Amino acid sequence: METRASSKRRANQAQIQPLKKQRVVLGELLNFSNIISPQPKLLKKAQASKKTLSSVKKEVDNDDGPNSSVNGSFVSDIYKYLRTLEMEKKRRPKVDYIERLQKEVTTNMRGILVDWLIEVAEEYKLISDTLHLTVSYIDRFLSRNRVSKVRLQLVGVSSMLIACKYEEIKPPHAEEFCLITDNTYNKSEVLSMEADILKSLNFELGNPTAKTFLRRFTGIACDNKKGPNLQFEFMSYYLAELSLLDYHCLKFLPSLVAASVIFLARFIVWPELQPWTSAMCECSGYKSVELKECVLILHDLYMARRGGSFQAARKKYRQHKFKHVANLPAPPHLPNYLFEEE
């Protein structure tokens, strides 16, 4: 016998039909009848949340803007940490390693290697960070290990292989670096040199470069503009790559090179503006007079008074996709008043 309560319960269960489970293609979600549309209140909350996240991201990207209170503190802490990191001896090359250690490698040979690696990076469409890290690894390795001139190119391609693995989403294979050297070296030689470099660097691969600091400096340098200026950014990248060619730039910290790049890029692209502002001074920690030596070297590189035979970067930045920044005119000399304190 069935009680009245159990009979009623069975009748109610019969009316409830379970939803049939189906596999759904992501693009069909909006048309799927079994999906319950969100309630208006929940939808409004989601939209409000999206707006909040959007505004926070904007503040992170523009950390020195008027609404920088949310993230300004931790962004400053990050750059303080990077400044500390760049000064660690284990992450810095010796500024006179060619004179003290190398017997066959010369400053000109180093420049030729870096110039060629700029071409290789362009050929494989590598990001700028990869190129800067490659040169950093080369200089750090050569600071500790004597290398013959016939193996200098091997150091270069093996360093780039390591940098690619560190930075690139799809790094080229070792075989491709053998091919780019016209098979001067085989795969086993490249991998063996890769291991030697990693051991010499003690696997400390994440050191900041000038490009690391340019990310922050370029945004602040464009602060008075209505929007980001691509020509200015490309000019900054161009000058930073020119600095890689000059052995004498090793004596400057990456942050100082980046600050000097911004100084000169502003002078060339916006000659009507003061190249160094109080905001740039506060952000970078450098006064204009501290940048003078590096800025003058960069200016000589730009005017081809130094490294004039190295053409890879110049050809690269003459292209339309880089706004032809290598063709922009610049005064032959920088007046001293630009480096004077206001």
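1. Let us start at one residue. Glu 204 touches Lys 90, Arg 91 and Arg 140, leaving out residues up to four places away in sequence; contact here means heavy atoms within 4.5 Å. Glu 204 sits in the loop between α9 and α10 (210–221). Its side chain makes a polar contact with the side chain of Lys 90 at 3.2 Å, and another with the side chain of Arg 91 at 3.0 Å. A polar contact is a pair of N or O atoms within 3.5 Å; within protein, one must be able to donate a hydrogen and the other to accept it, and residues adjacent in sequence count only if both atoms are side-chain atoms.

2. A word on what you are looking at. This is a predicted model, in which local features need pLDDT of at least 70 and side-chain atom pairs count only at pLDDT 80 or more, while totals for chains, interfaces and linings use all residues. Residues are numbered from 1 along each chain as its sequence is written, and side-chain values use heavy atoms, with hydrogens and water left out.

3. Now the overall picture. The chain has 15 helices and 0 strands; helices (H or I, at least four residues) and strands (E, at least two) are DSSP runs, numbered from the N terminus. Of its 342 residues, 44% count as buried, where buried means under 20% relative accessible area, exposed over 50%, and partly exposed in between (1.4 Å probe, protein chains only). Among contacts in the chain with a separation of 6 or more, 77% come from residues 24 or more positions apart.

4. For helix packing, have a look at α7 (residues 152–167) and α9 (residues 187–200). Their axes come within 9 Å and cross at roughly 70°; axes are lines fitted to C-alpha atoms, for helices over the stretch in contact, and angles run from 0 to 180 degrees between N-to-C directions. The two helices are therefore roughly perpendicular to each other, as angles under 35 degrees count as roughly parallel, over 145 as roughly antiparallel, 65 to 115 as roughly perpendicular and the rest as oblique.

5. Which residues in α7 meet α9? They are Leu 154, Val 155, Ser 158, Ser 159, Leu 161, Ile 162 and Lys 165, and their partners in α9 are Glu 189, Val 190, Leu 191, Met 193, Glu 194, Ile 197 and Leu 198.

6. Ser 128 counts as buried at 16% relative accessibility, and Thr 130 is buried at 0%. Setting aside neighbours within four places in sequence, Ser 128 is in contact with Lys 211 and Glu 241. Ser 128 and Lys 211 are 83 residues apart in sequence, yet 7.5 Å apart in space, C-alpha to C-alpha. Thr 130 touches Ala 163, Cys 164, Glu 167 and Glu 168, again not counting residues up to four places away.

7. How many aromatic pairs does a search of the whole structure find? There are 12; rings of Phe, Tyr and Trp (its six-membered ring) pair if their centres lie within 6.5 Å, and planes under 30 degrees apart count as stacked, over 60 as edge-to-face and the rest as tilted. One of them is the edge-to-face pair of Tyr 238 and Tyr 302, at 5.9 Å centre to centre with 65° between the planes. This pair links distant parts of the chain, 64 residues apart: Tyr 238 is in helix α11 (residues 230–245) and Tyr 302 in helix α14 (residues 288–302). Tyr 238 is buried, with a relative accessible area of 1%, and Tyr 302 counts as buried at 8%.

8. Phe 263 and Phe 339 have ring centres 5.0 Å apart and planes at 5°, so this pair is stacked. Phe 263 lies in helix α12 (residues 254–269) and Phe 339 in the segment after α15 (312–316), 76 residues apart. Both Phe 263 and Phe 339 are buried. Elsewhere, Phe 234, Tyr 237, Tyr 238, Tyr 302, Tyr 317 and Phe 322 form one aromatic cluster.

9. Finally, some backbone angles to check. Asn 183 has a positive phi of about 55° although it is not a glycine; Asn 183 is in the loop between α8 (174–180) and α9 and counts as exposed at 52% relative accessibility. Ala 304, also not a glycine, has a positive phi near 65°. Ala 304 is in the loop between α14 and α15 and counts as partly exposed at 37% relative accessibility.
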